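Please read the following points beside the sequence and the model. They are written as a note from one colleague to another.

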Amino acid sequence: MKSFKVFLLVGLLIGAMGIMSMAATFSIYDWWTAGGEAQAIATVLNMYHQAYPDVTIVQNPVAGGAGVNMQAVIKSLIFAGVPPTTFQVHAGWEMYQYASANLLQPITNLWQSEGWTNVFPQRIQQLCSYNGQFYAVPMDVHRANMVWYNKAIFDKLGLTMPTTIQGFINMLPKIKAAGYTPIALGDSANWTTAMLFEETLLAVAGPDKYNQYFEGKITASDPAVQQTIQYFKTELQYVNPNHASLTWDQACGLLVNGQAAMTIMGDWANGYFMAAGWKPNVDYGGVAVPGTEGIYNLVVDSFPIPVGAPDVQTGYDWLKLIATVPAQAAFNQIKGSIPARIDVPTTGFNPIQVANMEALKKDVLTASAVHGSEAPVAFVTDWENALTVIQYHPDMSLQACVNLLNMTAQQDNLAGTVASANVNY
């Protein structure tokens, strides 16, 4: 009898192990760990759990703004042959590097069967596709060209946000003279400094020349880029002294505690301010960077399925979920971004988000180079480093700055790389 019980127990254990081995697992990597973004992704993961309660969710958040740390982790996993089911990636060149190396599964059939080409803007579709195939699904749209300001400080100083980049520059000395930091910057990772340059370039050059610069069709010798360098160097004179020790969200905190008047940051800052208890258009304002009204500089967070991913069906289910109206609404209302779908009702979004949702439908759409969309990743890395050199050498002549940026583009063969790639602009 004892032996029978032992065999029965072993049999039950083997059966349980078999059931466990058949249980589906959904593994996901993302870099949403700050402010409201962690709450936003948790909300959608809970929606996924409710829809698929038998699937084990393994979330792997990797801290580091713009995904600088997580991208290194993902590349290591993929090349080690143990990719996750899905991972966060910026649509555009950041995604293209995986698709061009045949590391992502094409999902064109999914796009067609779900009718997504009817609800996502054409430019976003281009950023999610490579060489005629779709490889990712957008979860949100961020606007990179945003300036955020402390309304109490602006009211106290009698300021209104100017409409030109020159007006913005002219306002900085007045704010500093009043004892406030004019521009809060947190560049412990140098992408935030590059954002300051990128959005200034967009304001000075306009969308066409902005695109041409990152396509290698014009160089830093162009008058518009030279003017951008001069404005950029001026802006850096009006940032907080401790900028190198702060992250982007800590820089936003300088607005919340009343030390700084403004920060130039994508609308993920909107989620940070909301999570801090600030009310939009009451405690803070957020508008397009002066000179960029009518231009929407896209940052698109998307999810692909890598080749060799485990439990692929759970990945397909995730992609279908995040593209739905309810998921896009729930996620973006918390995060401060807006849905990538243009048919999501504005109910539940704050006034700044509603303004951006309307702008997405009518503005000229460009894409952020800093956030992996508009330019090759290798070039952007070197370009950001070049801008850091300019930042920490304020006495560099304009010509020396131009030469450094031109040398960076030449070394990375920016024009040749873009011209030879199978991408749409």
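1. Setting aside residues up to four places away in sequence, M171 touches F154, L159, T160, M161, P162 and M262, where contact means heavy atoms within 4.5 Å. M171 lies in helix α8 (residues 165-177); helices (H or I, at least four residues) and strands (E, at least two) are DSSP runs, numbered from the N terminus. M171 counts as buried because its relative accessibility is 7%; buried means under 20% relative accessible area, exposed over 50%, and partly exposed in between (1.4 Å probe, protein chains only). From M171 to M161 the separation is 10 residues in sequence and 8.9 Å in space, C-alpha to C-alpha.

2. This is a predicted model, in which local features need pLDDT of at least 70 and side-chain atom pairs count only at pLDDT 80 or more, while totals for chains, interfaces and linings use all residues. Residues are numbered from 1 along each chain as its sequence is written, and side-chain values use heavy atoms, with hydrogens and water left out.

3. The largest nonpolar core has 146 residues, and those with the most contacts inside it are F168, M262, W318, W383 and L405. Helix α9 (residues 191-214) supplies the largest share of this core, 12 residues. Such a core is a set of buried Ala, Val, Leu, Ile, Met, Phe, Trp, Tyr and Cys residues joined through side-chain atoms within 4.5 Å. In soluble globular proteins, nonpolar side chains tend to be buried together.

4. Which residues are in contact with W383, leaving aside its neighbours within four places in sequence? They are A194, F197, E198, Y213, F214, V370, L405 and T408.

5. An open sheet is formed by three strands in the order β8-β13-β15, with mixed pairing; two strands pair if DSSP finds at least two bridges between them. β8 (142-143) and β15 (364-367) stand at the edges with a single partner strand each, so one side of each is left without a neighbour in the sheet. Strand β13 (residues 295-299) and β15 run parallel and are joined by four bridges. The bridge partner of Y296 in β15 is L365.

6. α3 (68-79) and α16 (377-391) each supply at least two residues of the lining of the largest pocket. α16 gives the most, with five residues. Lining residues have an atom within 4 Å of a point of the pocket, an open set on a 1 Å grid over the protein atoms alone where a 1.4 Å probe fits, with protein on both sides within 12 Å along at least five of seven lines.
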